[in-house]
Amino acid sequence: MKAPKRIGILDVARLAGVSATTVSRVLNGQADSRISLETQERVRATASSVGYVVNRLATSLRTHRTGVFGAIVNSLSGHYQPHLTSRLQAAAQRRGVELLVAQAKAEAGEIAGQLRLFQQDFFDGVIMVSDLPGQQALCDHLDLMGKAHVTLGAGLTGPLPAVLTDDRLGMKLLFDHLAGLGHRSISFVYRISRSALRDRLSIFEEMVAASAGSIVGDVIFFEKGERDGKLLADLLASPQRPTALICGSDGLAIEVVAFLRDLGLHIPADISVVGYDNVPDTAYWSPPLTTVAQPTDALCEASLDLLVELSNLPLDVRVAKRPMRFVPPELVIRASSSSPSLRPFSLA
């Protein structure tokens, strides 16, 4: 019995109406923004319909590339990080890129050990999600090993290359929204243990200074402990109490809202509360949370674009390039913010 003809890359290219190079780049996870998503989908659908499968071993032996990437995530708990990680995996799947995700160990030395896996020839590059312990040193180590890397969402002071939300725009959207409602006393709620929030804090302080005294703005430290809770309660009971709170993240906002309710306060009747991230369930909180929507899908697409782009460059060019790319966020106005109330209130 005659063996069936083996489908090759030229067959896929002919059926999809593209070049063999385009087929190779798409199916090996090397497609960038120059190849439209529509074309990428057509190539993958064509390859699937005729049963063509990339021989990863043969490809890697020839090109020293596998189309497989790694990602190290700071945490798979909380509100925003799991959402960001799942969208990153979905973006990789849409491209036909293999993305293997690992949760970071607790210490920088342990993460360095994890990186040994990603340094193997099987991986073409690494995305580091948010801020990891000793992250700059980890990036330097990857450079020495010749591996492409991109930091996703670690802030303005994080290592490069990076893809970030434009936090300056996001904080301005929140600040202008509250000021437009008539708030003149606005506080920023910050958690020292969340270093990813430091840029938002700095931006808030800059905006308060730029208001030339028209906005009074303080910083409230809100850790998980009785001391900070008492300080916040004392502030809210004082004549200088803020009429609005900007929380550095949605996860922090939900803790603050619960705390304020325990004090007997009503939101936004007594005080407005806004967050940052727009995690999937913020629309269903009580009240629904006004927040800044991080453009999660766009961030993930941009980080994969950049990683593929860098992994295709010679090492010296890649190390010298060090781009920082910003994606603009959007303000989402919901029921947790309103004009400041002049009515007095007492704490429970």
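How do the axes of helix H1 and helix H3 cross, and within what distance do they come? Here are my notes on that and the rest of the fold.

Bear in mind that this is a predicted model, where local features need pLDDT of at least 70, side-chain atom pairs count only at pLDDT 80 or more, and totals for chains, interfaces and linings use all residues. Residues are numbered from 1 along each chain as its sequence is written, and side-chain values use heavy atoms, with hydrogens and water left out.

1. Helix H1 on helix H3. The axes of H1 (residues 9-16) and H3 (residues 37-50) come within 9 Å and cross at roughly 120°. That makes H1 oblique to H3. On the terms: helices (H or I, at least four residues) and strands (E, at least two) are DSSP runs numbered from the N terminus. Axes are lines fitted to C-alpha atoms, for helices over the stretch in contact, and angles run from 0 to 180 degrees between N-to-C directions. Angles under 35 degrees count as roughly parallel, over 145 as roughly antiparallel, 65 to 115 as roughly perpendicular and the rest as oblique.

2. Who touches whom there. From H1, Val12, Leu15 and Ala16 meet Arg42, Val43, Thr46, Ala47 and Val50 of H3 (contact means heavy atoms within 4.5 Å). By class, the contact of H1 with H3 has six nonpolar residues, one polar and one charged. H1 and H3 cross in the right-handed sense; a crossing is right-handed if the near helix is turned clockwise from the far one by less than a right angle, and left-handed if anticlockwise.

3. Helix H2 also sits on H3. H2 (residues 20-27) packs against H3 at an angle of about 90°, with the axes 10 Å apart. That makes H2 roughly perpendicular to H3. Thr22, Val23, Val26 and Leu27 in H2 meet Thr39, Gln40, Val43, Arg44 and Ala47 in H3. Those residues divide into five nonpolar, three polar and one charged. Note that Val43 and Ala47 of H3 turn up in the H1 contact and again in the H2 contact.

4. The six-stranded sheet. This open sheet runs E2-E1-E3-E4-E5-E11 with parallel pairing (two strands pair if DSSP finds at least two bridges between them). Strands E2 (98-103) and E11 (324-327) stand at the edges with a single partner strand each, so one side of each has no neighbour in the sheet. The twist averages 20° from one strand to the next. Helix H12 (residues 296-311) packs on this sheet, touching E1 (68-73), E3 (125-129), E4, E5 and E11, and its direction makes about 160° with that of E4. Strands E4 (residues 148-152) and E5 (residues 162-165) pair in the parallel sense over two bridges, and Thr151 has Ala162 in E5 as its bridge partner.

5. The four-stranded sheet. The order is E7-E6-E8-E9, open, and the pairing is parallel. At the edges stand E7 (216-221) and E9 (272-274), each with a single partner strand, so one side of each is left without a neighbour in the sheet. Here the twist averages 20° from one strand to the next. E6 (residues 185-190) and E8 (residues 244-247) run parallel and are joined by four bridges, with Ile246 in E8 as the bridge partner of Phe188. Helix H11 (residues 250-262) packs on the sheet, touching E6, E8 and E9, and its direction makes about 145° with that of E8.

6. Helix H8 on helix H9. The axes of H8 (residues 167-180) and H9 (residues 198-210) come within 10 Å and cross at roughly 50°. That makes H8 oblique to H9. Their contact residues divide into six nonpolar, no polar and five charged.

7. Spots to check by eye. The peptide bond from Ile267 to Pro268 is cis, with omega near 5°, and Pro268 is in the loop between H11 and E9. Ser286 to Pro287 is also a cis peptide bond, with omega near -5°. Asp277 has phi near 135°, a positive value in a residue other than glycine, and lies in the loop between E9 and E10.

Conventions
Ala, Val, Leu, Ile, Met, Phe, Trp, Tyr, Cys and Pro count as nonpolar, Asp, Glu, Lys and Arg as charged, and the others, Gly among them, as polar.
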